[in-house]
Amino acid sequence: MWKYCKLHAGRNRPLTVHHKFKAYISGVHGFIKTDFDLRVSFDWYSYARVIIPNTYANAVCGLCGNANQDPSDDLTMKDGTQTSDEIQFADSWKVGDVPGCSSSCTGDCSVCSEAQKQTYKGDQYCGVLIRQNGPFRQCHRAIDPAPFFDDCVFDTCHYKGHRDTLCSAISAYVTACQICMLNPMFPAGLTCPRNSHYEFCGSSCPATCHRPSAPDTCEEPCVEGCFCDTGFILSGDRCVPIVQCGCVHEGRYYQKGEEFYTSASCQKRCRCQVLGCHPMDYGTSIVSGDPHYISFDGQAFDIQGSCAYTLAKVCSSDPRLVEFSVVVEHESTGGGRVAQTRAVAVSVHGYTISLERGRKWKVAVSPCLRLVSLKPRNNIIVQSASGLQVFYDTASYLLVSIPSTYKGHMCGLAGNFNGDKNDDFLLPNGKSTQSLREFVASWKVPVDGAMCSDGCSERCPICDGAQTAPYQSESSCGLIRATSGPFRDCHSLVSPATYFNHCLHDMCATNGTGETLCQSLQAYAAACQTTGAKIRAWRTASFCPLACPLNSHYELCTKSCDFTCAGLSAPAQCTQKCFEGCQCNTGYMFDGDGCMSMDRCGCMHDGRYIKVGPGCSVQLKVLESCLFWNFPQSRENVISSDCSEKCTCHPSGGLICEKNSCATGEICVLRDGMHGCVKQEGRCMVSPGAYLTTFDGAKGKLLYSGTYKVASLCDESSPAWFKVVVDISECTNDGIPACAVIFVFFRDALITVNNNMETWVRGGRVGTC
């Protein structure tokens, strides 16, 4: 029976098993070394290397050949026969299928012509590898640069000169040279994460959280990579202060916040926290269709209101828990008969991600937060180091998953997550209610400038068995539970009954519109794929077709991060599950807005993707460093947390950073997830419903109608004295309390504005434009 050992960039522990083999991380590579001198390394991205002793000549097989010094018979398939077809050869050694992947490219498979390759054979690109007087000349005799050069030209041309692809190809030859103790004079600069710096020949045995003291001598050759700054230590793939180190459990190191199973039986799941290791499971809350809600504890109810509501929020002062909130905003459709999810806002780690129906989104990402599914159209997955996961299909299905560490600490429409669904209807003050209407209304969230209703009142649809009967067939909602249908493999994992009943209700409420049916089926498809269940093709050109944006096409099962611009610069850390959606065509990558040609992809900086500015031309200044490039001004940039540095992304040239400072009268603030310099100003607002937002962002509701002083200069003797008074009244057409009159007092004037669009100055009415 085989036993498996998993090594990944999130670990920094050397692992030795009975002195038979050792697995460890060094520089930008992970290494495995055995007692019989087998050596395997991987750079976590694209470059893998296997070294065997001569005793294994003609005794090995696989993609690397038989090691008999004769390359002519290397394309030997698993059955012992030879082939000239590289795809057939590779496919014969395939050990398993990966969801969303195929054995060869599909559709329009782009191949670089010899004329296109010529550009990348020059000294400004891959030609630096073979240049006789170049930085690699001392390595040429030991390591033939020709195959590395060919690979470099192939990759760089295929990715249209993308800087990170070029540097990765060159770095592969650098690594091969260093293994042979040959250090080419080539400063292949890397953009290093926070609290670290680049070294061309750094120690292979650095200090880590698992072993804080680095050895005096290191048996392994030096390696290039990013190494921790003074005062920081390596925890997984990040440099942290030593007080931020994680846990050691049974001799293995885990990063702070990391989850793991304690045994091969997977019966106990733990999280590394400040106070140690704790068993864990997960709770999920779901919102789908004409919003149908299921709480963390399984309480089911429907909401017809068109307001914004707190779905889930941490209502605990436990310092071990990361606070977060999820707000869902509804909108009315079908003449007010039904409602649907319009937007979702996730707030965590000081950032807010706004996801709107129809695939519009705004997001800023921190080291503790990842936006996983950067694909055109369909699914978005947000994952946090705290264990929070939010899945939204941008149409009709939302899932929020949280670990058991949050049990009993939650509030909102999704309940308190204490295992008892009978007490889920808790109000913000902690009191329980049996009224669904009171419960839902208590978790309303004001939206600036928006008005909403609490339900559909007399317009609510009434759907009985006779009205839903036409939609029970397998050509309609019945497709969800069809025993031979496209979702049959999912029935044992996700109950089709709930989604079938939701579909019947929604179809009845919308008089059987095709869009409603497609969204109901899509909701069940999403629910299935979030569990890893296999679904079969259910869309056709005439039934629920999914229209894809320019330069993309529909796939039933596509991996979330395989086709993004960000994935060109760094290995994507994302879910291994596949989901239906639009996948960029060959030669294109998703950059957050659409599928772009790969030569227009941007850069990664501190885990954040930065777009290339429009209309920029490129001029190479010094290629050999992969760092020094000369570009005109670009518009896309990112500013550091203290506004002292501004980094700009340039096409094919990477990231250029320069010093930055705020002008006089400006301060550095975080706004909409981005740092920047802004003028110091405050804004106070009273919105419909009599909701008040203070200058510093505190929010609340004015309890009664009346006249309120909302702002005034406290020094009444100042020449700049002013006072603003508002009159809150419920005497409006819809009965919702709102500002009826605003009075602005100055030392020698009074301005009055009312809700009839009339303006009065010093008691006299004036015209407005």
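Let me start with the contacts of Ser316. In this predicted model, and leaving aside neighbours within four places in sequence, Ser316 is in contact with Leu321, Glu323 and His409.

Where does Ser316 sit? It is in the loop between β18, residues 308-314, and β19, residues 324-333. Ser316 has a relative accessible area of 18%. The cut-off for buried is under 20%, so Ser316 counts as buried.

Now the side chain of Ser316. One partner is His409: side chain to side chain, a polar contact at 2.9 Å. The Ser316 side chain also reaches the backbone nitrogen of Asp318, at 3.1 Å.

Two packed helices are described by the angle between their axes and the distance between the axes. Here the pair is α7, residues 496-509, and α8, residues 514-530. Their axes come within 9 Å and cross at roughly 165°. Angles over 145 degrees count as roughly antiparallel, and therefore α7 is roughly antiparallel to α8. As for handedness, the crossing of α7 and α8 is right-handed.

Which residues meet between α7 and α8? On the α7 side they are Pro496, Tyr499, Cys503, Asp506 and Met507. On the α8 side they are Thr516, Leu517, Ser520, Ala523, Tyr524 and Ala527. Sorted by class, this contact has eight nonpolar residues, two polar and one charged.

To recap: Ser316 is buried in the loop between β18 and β19, with a polar contact to the side chain of His409. Helices α7 and α8 are roughly antiparallel, and their crossing is right-handed.

Notes: Residues are numbered from 1 along each chain as its sequence is written. This is a predicted model: local features need pLDDT of at least 70, side-chain atom pairs count only at pLDDT 80 or more; totals for chains, interfaces and linings use all residues. Side-chain values use heavy atoms; hydrogens and water are left out. Helices (H or I, at least four residues) and strands (E, at least two) are DSSP runs, numbered from the N terminus. Buried means under 20% relative accessible area, exposed over 50%, partly exposed in between (1.4 Å probe, protein chains only). A polar contact is a pair of N or O atoms within 3.5 Å; within protein, one must be able to donate a hydrogen and the other to accept it, and residues adjacent in sequence count only if both atoms are side-chain atoms. Contact means heavy atoms within 4.5 Å. Axes are lines fitted to C-alpha atoms, for helices over the stretch in contact, and angles run from 0 to 180 degrees between N-to-C directions. Angles under 35 degrees count as roughly parallel, over 145 as roughly antiparallel, 65 to 115 as roughly perpendicular and the rest as oblique. A crossing is left-handed if the near helix is turned anticlockwise from the far one by less than a right angle, and right-handed if clockwise. Ala, Val, Leu, Ile, Met, Phe, Trp, Tyr, Cys and Pro count as nonpolar, Asp, Glu, Lys and Arg as charged, and the others, Gly among them, as polar.
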